[in-house]
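Colleague: I have this one open in my viewer and would like some practice in reading it. Could you take me through a few features, starting with the aromatic rings?

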Amino acid sequence: MLEEVPMGGWAPAVVPPAVAAALYVLALRRTAGVAAAGVAVVTVAVAVTALALGERPGPVAGATLLTAGCAAVAWALGRSGRRRRARRLALEAYRAAAGAAAEAAGEVERHRLAAELHDTAAHRFTGIVVGAASALRLADPDLQARAVRDAAETARLAEGELERLTGVRAPGGGAQDERPGPCDLADLDALVAAWPDPRVTYVRTARSAPPEIAAVAYRVVREALTNALRYAEGGTVRAAVEQAAGRLVITLVDGPATAQDAAPLSDDSTSRHSGTTPAPGPDETAATSRDARTPPLPSAVGRSPGLAGAGTAAGLGGRRDVEGLGGGHGLAGLRVAVAECGGVLSAGPEGAGWAVRAEFPLKDAPSAPAPSAPAPSVSAPSALAPSVTALSASAASPPGPAAVVSAALPLSVSAPPVSAPPVPRRWGGWRGGPASNGALVLFAVAWSVGFSLLADDVPLSAGEVALLAVLFVAHALPLAVRARAPLPGLAAALSVHPVLLAAWFAGWTTQPAGDFFLWCLWVELTLLYAVGVQGGRRWRPGAAATAAVAAAGGLVLACGPGIVGDRAAAGAVLASGLAVPATAAWALGVGVARLRARRRTATRDEQVRLSREAEAAVRAERARLEARLRSSALRRMGAVLAAAERGRLDVVLAEARAGLAALRESLDELHSPVVGDDPPPTFAGIALLATRHQAAVRYAGGRREASPGVEVAAFTAVELMLRGRTGAEITVTGDGAGTAVRGPASPRAVRRLRALADAAGGGFTAHEDGTVTVWLPET
């Protein structure tokens with residue numbers, strides 16, 4: 001048929017392959033949109049050229065349709081090659097970083113353990129130091145006796161927390177404390193009621209909150225109160241826990257000192273004591289810090305009462321006794337914890353004081369909760385009356401190494417999965433794998449309809465053209481579902497041939513059904529290949545599909561005008577001949593399916609191996625910390641307890657200070673980097689990136705397993721979003737079909753994220769709030 005198109009000479013044989021090759025390279029090297037624009041330009045150019053040569057509308061339409069179909073196939077092949085290359089490079093990067101993956105998991109565990117130490121032992125030691133120093137300076141026997149009792153109880157609680165942290169037991173210790181951490185807002189009431197600072201004014205109108213949010217709220221309140229206790233020099237502290245517009249709002253504000261605040265306290269004093277909240281995080285300037293020289297401890301989850309409030313109020317203890325004992329990570333750690341619950345934490349000057357606010361979203365929260373009676377201002381006697389045990393609720397026992405590796409998030413092992421809407425399946429649509437099916441459908445229609453329009457030997461009526469177009473499209477459409485439902489698609493494609501045969505017998509068309517079958521047999525063979533790929537080792541569906549193609553072909557060919565004699569025998573012979581290419585297509589699909597299965601198994605085994613290595617690294621870090629704690633913190637805490645039991649407050653103070661110094665050394669070591677500047681491109685690497693950038697990475701609905709290609713691409717997306725940023729919030733959503741990464745991005749990062757999503761066959765979406773989403777589909 002091609003020789004009937006008046007293009008003449010060598011052009012029809014040279015130009016189309018050259019153009020197709022150019023489109024393929026364009027799709028391989030550039031994004032989908034650029035390559036699609038190239039397809040459109042070539043198609044329009046062919047149509048304009050044919051019109052300029054004076055061709056009739058039919059041949060012009062046929063040439064344009066054929067060009068569009070061939071160009072679409074070149075585009076789809078190039079896109080497929082681009083995705084394969086991206087997956088290959090990602091797998092190579094994944095394997096190259098396999099050695100560092102375990103180290104990354106170990107470093108993430110080190111940071112988690114450091115945060116746990118900050119939240120438990122460091123604050124316990126600090127409370128003992130401040131309380132003992134204050135009581136010694138006041139030289140009040142009653143206060144010193146109370147300080148000794150508090151130190152003993154605090155030491156026992158600290159030992160239990162250290163045991164839970166690494167699973168170790170203090171020498172001679174009993175059973176581990178299995179009490180859960182704070183899980184209700186009532187724990188805040190107990191915290192403030194027993195707080196040693198008598199200048200705290202507290203009110204709670206919120207009735208309840210989910211356990212995970214209540215636990216983080218507890219950390220926020222305790223961190224602010226602890227730093228007020230450590231660094232305060234007088235004033236007031238106002239704490240409020242409220243519920244408004246479906247949100248839990250926690251506010252802690254301190255005010256300036258007054259003459260009344262500076263007066264020494266007696267046991268029945270009702271004056272109040274102010275405090276300063278954590279120093280600014282890395283994204284705030286030192287100029288806004290009320291004490292940049294003395295950074296606070298990180299997010300607190302455990303702090304026992306003592307007599308530090310009275311001593312500090314009198315100007316006799318507190319601040320200078322704990323100079324330099326903070327870690328400087330409190331505000332950053334709290335921001336991460338709050339963000340992982342979907343909330344926001346802010347801190348900064350307010351008037352002459354300092355304010356810390358945390359807001360958490362509450363699902364199904366009552367619009368107007370009935371406020372409870374405000375808690376009265378805490379006086380010194382009431383602060384010391386409750387048992388210290390009421391404040392012993394620390395963070396729940398840390399999960400085992402497997403849980404840490406599975407979560408792959410810093411400071412978020414116990415964070416709840418974040419709810420998120422399902423990932424839209426349309427993301428990546430025409431850029432991803434489904435586009436190849438669409439290109440095949442277009443090519444199949446163009447192949448049949450286009451050549452029919454180009455042919456001049458048998459002119460077709462308008463009705464015949466319409467009928468054939470409908471049948472051609474119906475025959476091509478099953479290619480769109482070849483990956484999901486190849487067997488139904490094959491049945492739909494085969495059903496077109498009897499209809500065309502009946503139309504030929506009825507005289508509605510001059511197109512023989514046998515010619516159409518041979519001309520479009522590649523559609524059936526493609527679907528048979530898909531049956532083999534999907535069915536794998538199951539031979540019965542493949543055998544039935546192969547027999548169906550051969551039988552349908554033998555039927556329509558035997559009924560053609562060129563067959564004379566016994567049509568049944570001819571049909572059997574023709575069916576036998578067609579069974580050969582049909583069986584070959586199905587067998588090729590089976591072979592590809594087995595090859596892919598072997599590759600998937602090898603990749604899965606590799607991922608399991610890396611996971612086990614990561615778990616071993618986590619266990620090693622915990623064992624190393626266990627040994628360090630046995631020789632330092634636990635030993636010092638035991639000495640504190642022994643001294644308290646002997647009533648030696650001076651020894652208690654000395655041992656607590658020595659314990660803080662040992663903890664500081666341990667924390668410095670835990671914060672020292674193990675992996676270089678380039679974390680491995682894995683989920684463990686994402687956790688390490690988040691730790692180093694003090695960012696919050698939340699997994700919506702829990703983290704799902706992902707292929708190495710998607711894991712590497714997700715890491716790259718997170719890395720681009722975090723580049724040059726501190727304290728960012730990123731959400732990772734996985735639903736089995738793929739992974740979506742949402743977060744902030746600079747203009748330069750946006751371009752690279754678009755290219756990343758395009759190479760993965762996914763999609764890119766920019767949102768009104770300034771964030772972007774990268775969709776990375778599984779293949």
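Modeller: Gladly, and do keep in mind that this is a predicted model. Let's start with Trp447, which is partly exposed at a relative accessible area of 24%.

Colleague: How does one get from that percentage to "partly exposed"?

Modeller: Buried means under 20% relative accessible area and exposed means over 50%, with partly exposed in between. Trp519 counts as partly exposed too, with 34% relative accessibility.

Colleague: How many aromatic pairs are there in the whole structure, and how are the rings of Trp447 and Trp519 arranged?

Modeller: A search of the whole structure turns up 6 aromatic pairs. For the geometry, planes under 30 degrees apart count as stacked and those over 60 as edge-to-face. The ring centres of Trp447 and Trp519 are 4.9 Å apart and the planes are at 20 degrees, so this pair is stacked. Trp447 belongs to helix α13 (residues 434–454) and Trp519 to helix α16 (residues 513–519), so the pair ties together parts 72 residues apart in sequence.

Colleague: Which residues do ring pairs link into a cluster?

Modeller: Phe443, Trp447, Trp519 and Trp522 are linked in that way.

Colleague: And what about the rings of Phe683 and Tyr699?

Modeller: Their centres are 5.8 Å apart with planes at 70 degrees, so that pair is edge-to-face. Phe683 sits in helix α22 (residues 683–692) and Tyr699 in strand β6, 16 residues apart. Phe683 counts as buried at 4% relative accessibility, and Tyr699 is buried at 7%.

Colleague: Is strand β6 as a whole enclosed or open to the outside?

Modeller: Here you check each residue, then each face. In β6, 5 of the 5 residues are buried, so the strand is largely enclosed by the rest of the structure. Ala696, Arg698 and Ala700 lie on one side, Val697 and Tyr699 on the other, and all are buried.

Colleague: Where does β6 fall in its sheet?

Modeller: Follow the strand order. The open sheet has 5 strands, β6-β7-β8-β10-β9, with mixed pairing. The edge strands are β6 (696–700) and β9 (763–766), each pairing on one side only. From one strand to the next, the twist averages 15 degrees.

Colleague: In which sense does β7 pair with β6, and in which with β8?

Modeller: β6 and β7 pair in the parallel sense over 5 bridges, and Arg698 has Thr731 of β7 as its bridge partner. Strands β7 (residues 729–734) and β8 (residues 738–744) pair in the antiparallel sense over 4 bridges; there, Val732 is partnered by Val741 of β8.

Conventions: Residues are numbered from 1 along each chain as its sequence is written. This is a predicted model: local features need pLDDT of at least 70, side-chain atom pairs count only at pLDDT 80 or more; totals for chains, interfaces and linings use all residues. Side-chain values use heavy atoms; hydrogens and water are left out. Two strands pair if DSSP finds at least two bridges between them. Helices (H or I, at least four residues) and strands (E, at least two) are DSSP runs, numbered from the N terminus. Axes are lines fitted to C-alpha atoms, for helices over the stretch in contact, and angles run from 0 to 180 degrees between N-to-C directions. Buried means under 20% relative accessible area, exposed over 50%, partly exposed in between (1.4 Å probe, protein chains only). Rings of Phe, Tyr and Trp (its six-membered ring) pair if their centres lie within 6.5 Å; planes under 30 degrees apart count as stacked, over 60 as edge-to-face and the rest as tilted.
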